[in-house]
Amino acid sequence: MTGRHGLDDQVAIVTGGAGGIGAASARRLSAEGARVVVVDTDESRARAVAESLPGPGAWVAADVSDETGVARYLDVAVSRFGRVDLHHLNAGIAGSLTALPDLSVGEFDRVMAVNVRGVFLGIRAAFRQFAGQDPMPDRPGAIVITASIGSLRGSADLLPYQTSKHAVLGLLHGAAVYGGPLGIRVNAVAPGIVPTELFAATPDAPGGRDDMTRRASTTPLRRAGTPDDIASVVAFLLSADAAYMTGEVVSADGGASIVSSVRPSGGAGAWDYAAHDRALYGELARHVERGMTSP
């Protein structure tokens, strides 16, 4: 099967591939002609995605934050398909919406382990694999990291997640500089509001899954994104069509990151800050309100 970006016979690994953006990426890369290895901690769902692909696929249960887990998914890819050409390092967790003063060290470390150490281990494994296999003509290897609009902006919730997504940009830039002379490209996609299972644990909370669609209606495109929207960007960045791109963060966010939040078009005056502050700070909100009304 030949796709628009021509990934025929290339071997791709997709981490966090059992659902959401990862599953959409696996399907898109397979439709483009790649042989895809679906990696996730949920083996049954990873298998289901792999078996549903239009082209050859494999699956493996692995923890991306663990060196042995990363070695396992590389071993499966190489033993099944002989090599690896493309990596979509997508696995990540959102963590909780716990307020900053109440965050535990364990919660912070858990998110950083998956979202940062997992990406580091994946990048390192990719470079080691590229160095150890015979390069194909015009195919030295490519990596795409799933970053986030949270890599580029800040908010008062999801602090460990935001921190982790800022951190992966450091990994991105360093890996792109190192890989450039080798012909290995490293880029990132920064999704905006894409309601997936990542936020399923917080369906009703402000900023949670069910609130995301409402919030996305204020972006320039006036809608939330879909996993397929992000997968199309991943396929492009992994393909030869992006041959002169490396170290880039491509926003796929409906235009959210270009909006000035202090202008009417960005929602200024269109939301009740007092209600927002009461929901976020509780009793402390009265101090915020007092500070705003003080001369």
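Trainee: At what angle do the axes of helix H1 and helix H7 cross?

Mentor: The model is predicted, with local features needing pLDDT of at least 70 and side-chain atom pairs pLDDT 80 or more, while totals for chains, interfaces and linings use all residues. Residues are numbered from 1 along each chain as its sequence is written, and side-chain values use heavy atoms, without hydrogens and water. Helices are DSSP runs of H or I with at least four residues, numbered from the N terminus. The axes of H1 (residues 20–31) and H7 (residues 227–238), lines fitted to C-alpha atoms over the stretch in contact, with angles from 0 to 180 degrees between N-to-C directions, come within 8 Å and cross at roughly 50°.

Trainee: Which residues of H1 make the contact with H7?

Mentor: Contact means heavy atoms within 4.5 Å. On the H7 side, the residues include Pro227, Ile230 and Leu238. On the H1 side they are Gly20, Ile21, Ala24, Ser25, Arg27, Arg28 and Leu29.

Trainee: Is Phe127 buried or exposed?

Mentor: Buried means under 20% relative accessible area, exposed over 50% and partly exposed in between, with a 1.4 Å probe and protein chains only. Phe127 has a relative accessible area of 12%, so Phe127 is buried.

Trainee: Is Tyr178 buried or exposed?

Mentor: Tyr178 has 56% relative accessibility. By that value, Tyr178 counts as exposed.

Trainee: Where does Gln162 lie?

Mentor: Gln162 is buried, at 8% relative accessibility. Leaving aside neighbours within four places in sequence, Gln162 is in contact with Gly150, Arg153, Gly154, Ser155 and Asp157. Its place is in helix H5 (residues 159–179).

Methods
Helices (H or I, at least four residues) and strands (E, at least two) are DSSP runs, numbered from the N terminus.
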